[in-house]
Amino acid sequence: MSSRTIATRSAVIFFIGIGCYAILWCNLFVIQLLNSSFFASLGTNQYRITMTKLPERGPIVDRTGSAFLATNRSCISAFLIPKNIGNKSIVQNFLKEQFPTAASRLKKNQKASFLYIKRRLTDTELETITSFHNPDIHLLEETNRFYPLPSAAPLIGFTNIDNVGCAGIEQICNEELTGTPLKMLLEKDARSGYFYFHKELQDSGTQSIPIQLTIDSTLQFLVDEELADACKRFHAVEASAIILDPDTGDILSLSSYPYTNPDDPQFDFYHTKQRAATEQYELGSVLKVFAALAALEQNAVKPDELINCQNTKKCTIDGRPITTWTPHGIIPFSDVIAFSNNIGIAQVAKRLGPDIVTHYEKLGFGKKTGIALPAEARGFVNPPDKWSAQSIISLSYGYEISASLLQLAQAFALIAHDGHFVTPRLLLSDPITVSKKPLYRTESIESIKDILQKTTERGTGRRAQLKGFTVMSKTGSANTLVNGVYDHDKNIYTAAAIIQKGSYKRVVVTFVKQADVPNAFASTIAMPVLRRIAEKMVIHERML
Amino acid sequence: MKKTFFIALFISTHISFLFLHIHKQMQFIKQSFAKQANEQLLAKIKHEKQAKQNELYALQNKKDVKTYAENQLALKPVSMTQLRRLPHE
């Protein structure tokens, strides 16, 4: 081979080498300089992972702090990664047989990165999935809520599948119960698995706050038992009751029956309603107490003033028809309330005129109490500018005014607390709100207390008598409005009482709706229920 | 001889420092992993404790306790007439 050939070949090899080297440098230039940020972020993304951890939802406890009303428990959910499924037909057939809705979802989302088969699997469903032994079906552990006291369910509410509060305390206190997530930056490589090399806190988040209620869980259970029994005995549609401490406004029990257990997968949404605070209705004669209080405050009547009740069940006042449950002749005003005579109270209310509305509003009717429950009923008091000639008569015995059972308890708490306005509270962290000055004169309050005591001793509240206790009570039976017309067969029976012994005071209110009992009155339906609740309450609170 | 010895010592010291540094890092990672493993174990135990607690709450269901007391122990609810407060001495 000539020296020229060798030189040519060497030159070719040299230039090929130089060319390869140039290509290498060009690539390096592109990777290191032009696309440096892209490749750097790609590396960082593989190396650094942001982990978000939501704190466990806070528990809800009763006033003792030891009885849990809502807590967490773990559950298993099953999911698929549709785009990575090996043998689609096997999975599809299994789902079609066991989880038809998941099968149809999988059909629509063949290339999805994640698909739940079912969340919160039952034991049977979990067994079915584990026995199937398919690597494409994955299991995921999640937490869901657990409610140890089902009777408190309408009050506590429930959460949805993502643990977001949807009703009751769970909804109102959702932010406190949830907290905010903790964010951490983890440095790890492909082989480190669950472990990391370095941890950096990005956001410490906030811990969930446990919620303590004023509810006494045992009392709640005892009241619920009585309501269930009342609904069964009287074939009633529903019943509700509240026990309130008039000194602090603490609600010790707030029950509704029937209720539904949120832990039951087939729970009935209708029975998740908290009726005592969210339903308003015309209270009937129980409101005579407040018409009487207003009249006493305005000096429109004296407790011993004789009122002519016309000894009839039906009469007309100013041309307006008025009926009462039994005839009474000329009786003292205190007996008008004790025996619940509509004709007598209507005559006294006429002396008050539109002022009766001012008094009702002062007692908290027609406005929300502000309790920590969603959808609280505002109630309604017919304003004087919308009155008919009948209005003042109707308002005196609890019609043309609608209120919730909670508002009734609040108004009775005012009498029990010597005229001071007490705001009911459900959260122990809320401040006790009692008006500094009494809204009513001491004489008016004392007079109405005497009248209510008489009602228990010899009036419509006789069934509320409790040996060793001073009981001030009143009942009310009201027709319900069905499509704008009063249905005389569908009544609401209400009873309210103040139970007192020394410094111990409790307000107990209850209603029973649509009892299927002939010739029923609140004194025969709601009052015995109230008495039994009161008896259990004083035994539980060791006040004998 | 002295110079050679010094160079050898210098290099070997550096190598041993390097080795110690790597060993320290390895130990650190090992301890970190052990800590993380313990954290995971703690989380698992806490989780089991929560499950047991929930089981306990479920068993403390007042309705079930009452049914048990009435059916198994033949207890009956008391009424006010059956109770009397005894005066203190």
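In this predicted model, helix 11 (residues 288-297) of chain A and helix 14 (residues 355-362) of chain A have axes that come within 10 Å and cross at roughly 115 degrees. The two helices, helix 11 of chain A and helix 14 of chain A, are therefore roughly perpendicular to each other. Their crossing is right-handed. On the side of helix 11 of chain A, the contact is made by Phe290(A), Ala291(A) and Ala294(A), while helix 14 of chain A brings Asp355(A), Ile356(A), His359(A) and Tyr360(A). By residue type, this contact of helix 11 with helix 14 of chain A has five nonpolar residues, one polar and one charged.

Another helix pair in chain A is worth a look. Helix 9 (residues 217-233) of chain A packs with helix 18 (residues 526-540) of chain A at an angle of about 155 degrees, and their axes are 10 Å apart. That angle makes helix 9 of chain A roughly antiparallel to helix 18 of chain A, and the crossing of the two is right-handed. Helix 9 of chain A contributes Thr218(A), Leu219(A), Leu222(A), Val223(A), Glu226(A) and Ala230(A), which meet Val529(A), Arg532(A), Ile533(A), Lys536(A), Met537(A) and His540(A) of helix 18 of chain A. Seven nonpolar, two polar and three charged residues make up the contact of helix 9 with helix 18 of chain A.

In soluble globular proteins, nonpolar side chains tend to be buried together. Here the largest nonpolar core holds 129 residues, and the members that touch the most others are Leu69(A), Ile242(A), Phe412(A), Ala497(A) and Val512(A). Helix 16 (residues 405-416) of chain A supplies the largest share of this core, with ten residues.

Two single residues come next. Gln407(A) sits in helix 16 of chain A, and Val434(A) is found in the loop between helix 16 and helix 17 (442-458) of chain A. Are they buried or exposed? Gln407(A) is buried, because 28 other C-beta atoms lie within 10 Å. Val434(A) counts as partly exposed, since it has 16 C-beta neighbours inside 10 Å. Leaving out residues up to four places away in sequence, Gln407(A) touches Gly364(A), Phe365(A), Thr369(A) and Gly379(A), and Val434(A) touches His417(A), His420(A) and Val422(A). The table gives a C-alpha pair for each of the two.

| C-alpha pair | Apart along the chain | C-alpha separation |
|---|---|---|
| Gln407(A) and Gly364(A) | 43 residues | 6.6 Å |
| Val434(A) and Pro246(A) | 188 residues | 9.4 Å |

Finally, how many residues does each chain bring to the contact between chain A and chain B? Chain B gives 18 residues and chain A gives 16 residues. On the side of chain B that touches chain A, helix 1 (residues 2-59) of chain B gives the most, with ten residues. That side of chain B divides into eight nonpolar, eight polar and two charged residues.

Terms used. Residues numbered from 1 in each chain as written. Chains lettered and ligands numbered in written order. Predicted model: local features only at pLDDT ≥ 70, side-chain atom pairs only at ≥ 80, totals over all residues. Contact = placed C-beta atoms within 7 Å. Helix = DSSP H or I, 4+ residues; strand = E, 2+ residues; numbered from the N terminus. Nonpolar A, V, L, I, M, F, W, Y, C, P; charged D, E, K, R; others polar. Axes fitted to C-alpha atoms, helices over the stretch in contact; angles between N-to-C directions. Parallel < 35°, antiparallel > 145°, perpendicular 65-115°, else oblique. Left-handed = near helix turned anticlockwise from the far one by under 90°. Core = buried A, V, L, I, M, F, W, Y, C linked by C-beta atoms within 7 Å. Buried ≥ 20, exposed ≤ 12 C-beta atoms within 10 Å, placed from the backbone.
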